[in-house]
Amino acid sequence: MELNNKLEEIEELFSRGVAEFIDPEGKFKEKLIKKTKGENSGNIVIKFGVDPTRPDIHLGHAVVLRKLRKFQDLGCKVIFLVGDFTATIGDPSGKSKVRPEIEQAEVEKNVKSFLDQVGKILTLDTSVFSWIRNSDWFYGVTDLEPKNAVRVFFQTTLVNPKSFIGKSILFSQTRMQKTHLKSKEIVSVSLKGLLWTLKHISFNRLVERDMFQERIKRGEELFMHEMMYPVLQGIDSFVLGEIFGSCDLEIGGTDQTFNMLTGRDVMRVNRRPQQAVLTVRILEGTDGKEKMSKSMENFIGITDSPSDMYGKIMSIPDSSIINYFTLCTYTPLSAIEETKKELENGKGNPKNVKMKLARETVAIYHGEDKASKALEDFRKTFEKGEMPEDVPEIQAKAGDELSSLLLESGFVESK
């Protein structure tokens, strides 16, 4: 019975919230089923690219993360690839304009914030989780800018950090492949290797992207570094395969389909097994229209307080209820379908259904007790007209200016 349950979980993994699953020869699915049956003891490696320009995880990001957790529970190893090198270029996906570069210091800060949050969803056990920066193979020795003198191994001599020897020592000592993964050899990408890969990826293949075609039609600039981004992301998949023994699947939103398919091209020309590609439907924001995004101010953060998260979910339009149930909760699909029918025939009350949705979502990130408390606070505030217990209070004196009080208390950034 347990095996049958796991096989059912696998089927749901490739259907629930999935836009497209590309595994032409069925090799990935077969490998996963064999592992579930105990017939495959090797690692199944799943790549997930992390954009370090966005440190705050919201429910839109969590759609993919929760699916990754399911893969972990089946014994797969998830690799968080932090695109700190490619972030300095800027992914053009979904962008109508050139994306600004980001400084490395900001990248480092965002990476730490991101990793601190993912533990709410993923298990960070090293048997099923690892992370690495792609600067680990894209930065060369001469790209380093050491500040302090470097001591040569087995000697007392201090080496000029700006010299090639100094940079070489620093390079070998700071690669994550060495410090974190304890690899015997360091995999790196040279200019020669990059040009060899570009030799096998046609210009026509890259320029056919819809977003590029639209910019060309509008007479806007299209820069070469933007066109190379999918190739660099594809090289990431190849390198991960070299480091971890395989890169079996890449998962991402539908806006990443082109980039992930380019990864298959790069692996094919390098005569390596091609990764399967799984794209997940994009969750709309609280406005019910645009993609959930912090910049659109329509997001629900997984670190939002239980009451804030509950209230934001209650604010979504009725048209988004079923999609949120499907993408944001573990509610069985059969139960979601029943709820959908009740809403369509008028038997279900949208408010009551959203209250159930909000409670289940809050429980995932904050636990059952806090979810129940958020429900109680919502009812007190919006149904009984009472004041929430945790509402902030400001002490004021007669004649105090309201705007000054709000500013001093941190409720607003300026008058």
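Helices, in the legends that follow, are DSSP runs of H or I spanning at least four residues and numbered from the N terminus. The structure shown in each close-up is a predicted model, and a search of the whole of this model finds 20 salt bridges.

**View A. Asp 265 and Arg 268 pair within helix α13.** Both residues belong to helix α13, which covers residues 257-269, and because they are 3 residues apart in that helix, about one helical turn separates them.

**View B. Asp 248 and Lys 31 link distant parts of the chain.** The side chains of Asp 248 and Lys 31 meet in a salt bridge, with an N to O distance of 2.9 Å. Asp 248 is placed in the loop between α12 (224-244) and β7 (249-253), while Lys 31 is placed in helix α2 (residues 27-36), so that the pair connects positions 217 residues apart. At 12% relative accessibility, Asp 248 counts as buried, and Lys 31, at 26% relative accessibility, counts as partly exposed.

**View C. Arg 16 and Glu 12 meet through their side chains.** The contact between Arg 16 and Glu 12 is a salt bridge with an N to O distance of 3.2 Å. Arg 16 is buried, its relative accessible area being 10%, which lies under the 20% limit used for that class. Glu 12, by contrast, has a relative accessible area of 33% and is therefore partly exposed.

**View D. Four glutamates gather in a patch of negative charge on the surface.** The residues that make up this patch are Glu 337, Glu 338, Glu 342 and Glu 344. Glu 338 is taken here as one of the members to be located in more detail, and this residue lies in helix α16, which covers residues 333-344. With a relative accessibility of 43%, Glu 338 counts as partly exposed, because that class takes in values between the 20% limit for buried residues and the 50% limit for exposed ones.

Technical notes:
Residues numbered from 1 in each chain as written. Predicted model: local features only at pLDDT ≥ 70, side-chain atom pairs only at ≥ 80, totals over all residues. Heavy atoms only, no water. Patch = residues over 30% accessible without salt bridge, like charges linked within 9 Å, V, L, I, M, F, W, Y side chains within 5 Å. Areas by Shrake-Rupley, 256 points an atom, 1.4 Å probe, with all protein chains shown as cover. Lys, Arg positive; Asp, Glu negative; His and termini not counted. Charge placed at Lys NZ, Arg CZ, Asp CG, Glu CD. Helix = DSSP H or I, 4+ residues; strand = E, 2+ residues; numbered from the N terminus. Buried < 20%, exposed > 50% of the residue type's maximum accessible area, 1.4 Å probe, protein only.
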